[in-house]
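Trainee: I would like to learn how to read a structure like this one. Where do we begin?

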Amino acid sequence: MSAAAVDCAGVWKFYGDYPALRDISLSVPAGRCLALIGRNGAGKTTLLRMLAGYSKPGKGLVTIFGKSPRETDTRQRIGFIGHGISVYDELSAIENLRLFGRLYGLPNPERSASEWLERTGLERVRDGLVREFSRGMRQRLAVARAFLHGPWLLLMDEPFTALDDRAIAVLQTVLRDALAAGRTVVMSTHQLREAMDLATHVALLNRGRLAFQGERTQEMVKDPGWVYAQYGES
Amino acid sequence: MRFIRQVMVITAKDLRAEMRTKEAINASFAFAIVVLLILSFAFEPTEDTTREISGGLLWIVFLFAGTLILNRSFARELPNDCLDALIAAPVPGAALFLGKGLANFALIFAVEIVALPVFGIFYNVRWARQFWSLMLVMVLGTWGLTAIGTVFGALTVNIRLREVMLPLLVYPVMIPILLGAMKLSTDLVAGQPISGDLMVWLKLLVGFDIIFTALSLVLMDTVLVG
């Protein structure tokens with residue numbers, strides 16, 4: 001396996017003439033957790049979506065484990081949690097997970113789906129339609145969907161936003177387990193305390209530019225706003 | 001094998017979701033019946049006139065009713081950002097196109113199969129004299145509409161006025177298929193077998209189906225991700 005799980009080299013992204021990302025060069029070693037922070041509109045979501053293969057850079061190169069994000073075997077190794085929960089309201093919890101298990105070619109989608117329903121505390125409502133779920137249950141199902149295929153790289157766009165206590169606990173547990181198992185995590189977040197708790201590396205985006213990247217330090221743990229104070233816009 | 005499995009999984013998912021909500025199929029079926037009914041009142045055609053216009057009439061109904069189903073195909077993926085999950089999954093664009101295309105085809109064909117006898121009753125036409133040939137033309141014509149509609153549905157899914165934009169974009173592209181299907185259906189409803197000039201129209205239908213299917217298979221990834 002390549003040393004870098006995520007590698008961006010001179011990446012630009014334009015929306016029309018507006019550069020949403022400007023010359024981003026960023027590397028995340030395998031097995032580490034990067035907290036991607038920045039104000040609203042800084043380009044965090046744009047960068048994460050590019051890493052997940054949803055869009056291509058206008059200039060520069062993005063590689064995941066040394067390959068293009070759009071290659072089939074790269075996609076097999078990525079799990080993504082975006083702003084939406086990415087599960088179908090018309091299907092039940094088990095049907096949703098079985099569906100994605102089959103799309104990812106898991107050897108036993110039924111068993112994997114059942115295991116993740118249990119891990120996320122949803123086994124009791126496995127046959128319930130998602131449209132009847134509470135918000136917290138839907139979010140836990142989204143976590144199960146993203147982790148179902150055992151991804152080596154987890155890309156998460158503000159994963160703690162609007163989660164209830166139980167969903168936060170579930171997410172923190174599965175993230176810690178994933179990191180302990182050598183998985184790589186890149187998450188954008190405004191919840192600095194939760195982020196610094198998990199992160200090994202931190203990157204700050206400021207109006208599309210990379211203002212800071214480096215290992216998480218004790219200053220950041222003690223004062224989660226430290227990076228903003230040192231490198232953010234005034 | 002994995003490719004075929006993924007196609008089947010997507011088809012089954014779309015059909016299951018549609019059968020639970022019945023949003024598109026109910027609207028499409030009701031629309032087809034209402035249009036057939038209104039046109040039967042509007043024209044009060046004789047049997048001979050009906051035979052002359054039957055192909056055009058049927059395919060206009062199939063086209064408009066089918067558009068309702070095609071519009072829903074990718075729009076169904078928008079709530080909860082489900083399209084993102086499909087694009088992120090290790091599923092080739094071609095499998096996504098075929099999976100959605102087959103589900104659309106099944107739904108549109110189901111509407112057509114119900115609308116056809118209703119057409120026979122409203123217009124007092126014995127339409128089944130060349131039943132199997134007519135089925136062949138319907139399959140080929142419907143697949144052509146479905147292939148074009150599915151790939152353009154992906155193209156317009158994030159457009160705000162997609163319900164308007166999809167028909168505006170696809171109807172001109174569908175003209176060759178509609179011409180062939182209308183001509184063949186008119187003669188088949190009149191009881192003529194497929195031979196002579198009709199074979200040329202049949203070959204045109206097959207040709208366009210192959211071309212549009214091949215283009216869609218190749219272009220789907222680009223349409224979805226750019």
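This is a predicted model: local features need pLDDT of at least 70, side-chain atom pairs count only at pLDDT 80 or more; totals for chains, interfaces and linings use all residues.

Trainee: Let us take the sheets. What is the strand order in the open sheet of six strands in chain A?

Mentor: The order is 5-6-7-3-8-9, and the pairing is mixed. Strand 5 (78-81) and strand 9 (209-215) of chain A stand at the edges. Each has a single partner strand, so one side of each is left without a neighbour in the sheet. On average, neighbouring strands are turned by 15° against each other, direction ignored.

Trainee: How many residues of strand 7 of chain A are buried?

Mentor: Start with the general idea. In a regular strand, side chains alternate between the two faces of the sheet. Now the case here. Five of the five residues of strand 7 of chain A are buried. A:Thr184, A:Val186 and A:Ser188 are on one side. A:Val185 and A:Met187 are on the other, and both faces are covered.

Trainee: Which strands does helix 1 of chain A lie across?

Mentor: Helix 1 (residues 44-51) of chain A lies across strand 3 (33-37), strand 6 (153-157), strand 7 (184-188) and strand 8 of chain A. The helix runs at about 150° to strand 7 of chain A. Helix 5 (residues 135-147) of chain A packs on this sheet too, touching strand 5 and strand 6 of chain A. Its direction makes about 165° with that of strand 5 of chain A.

Trainee: What about the open sheet of three strands in chain A? What is its order?

Mentor: The order is 2-1-4, with antiparallel pairing. Strand 2 and strand 4 (59-64) of chain A are at the edges, each with a single partner strand. Five bridges join strand 1 (residues 4-15) of chain A to strand 4 of chain A. One facing pair is A:Val6 and A:Ile64. Helix 1 of chain A packs on this sheet, touching strand 1, strand 2 and strand 4 of chain A.

Trainee: How many residues does the largest nonpolar core have?

Mentor: The general idea again. In soluble globular proteins, nonpolar side chains tend to be buried together. Here the largest nonpolar core has 144 residues. A:Leu51, A:Leu141, A:Leu155 and A:Val186 have the most contacts inside it. Helix 5 (residues 93-123) of chain B gives the largest share, 14 residues. Beyond its neighbours within four places in sequence, A:Leu155 is in contact with residues including A:Leu48, A:Ile78 and A:Phe80.

Trainee: Now backbone angles. What is the phi of A:Asp23?

Mentor: Most residues other than glycine have a negative phi. A:Asp23 has a positive phi of about 55°. A:Asp23 sits in strand 2 (residues 18-29) of chain A. With 15 C-beta neighbours inside 10 Å, A:Asp23 counts as partly exposed. A:Ser86 also has a positive phi, near 55°. A:Ser86 is in the loop between strand 5 and helix 3 (93-103) of chain A.

Trainee: Is A:Ser86 buried or exposed?

Mentor: A:Ser86 is buried, with 24 other C-beta atoms within 10 Å.

Trainee: Why is helix 6 of chain B called largely enclosed?

Mentor: Count its buried residues. The tally is 19 of 26, so helix 6 of chain B is largely enclosed by the rest of the structure. At 1.5 Å a residue, helix 6 (residues 131-156) of chain B should span 38 Å. Its end C-alpha atoms are 36 Å apart, which agrees.

Trainee: Last, how many residues of chain B are in contact with chain A?

Mentor: 23 residues of chain B are in contact with 28 residues of chain A. Helix 1 of chain B gives the most to the chain B side, with nine residues. That side divides into 12 nonpolar, four polar and seven charged residues.

Conventions:
Residues are numbered from 1 along each chain as its sequence is written. Chains are lettered from A and ligands numbered from 1 in the order in which they are written. Helices (H or I, at least four residues) and strands (E, at least two) are DSSP runs, numbered from the N terminus. The expected span of a helix is 1.5 Å times one less than its number of residues. A residue is buried if 20 or more other C-beta atoms lie within 10 Å of its own, exposed if 12 or fewer, and partly exposed in between; C-beta atoms are placed from the backbone. Two residues are in contact if their C-beta atoms, placed from the backbone, lie within 7 Å. Ala, Val, Leu, Ile, Met, Phe, Trp, Tyr, Cys and Pro count as nonpolar, Asp, Glu, Lys and Arg as charged, and the others, Gly among them, as polar. Two strands pair if DSSP finds at least two bridges between them. Axes are lines fitted to C-alpha atoms, for helices over the stretch in contact, and angles run from 0 to 180 degrees between N-to-C directions. A nonpolar core is a set of buried Ala, Val, Leu, Ile, Met, Phe, Trp, Tyr and Cys residues joined through C-beta atoms within 7 Å.
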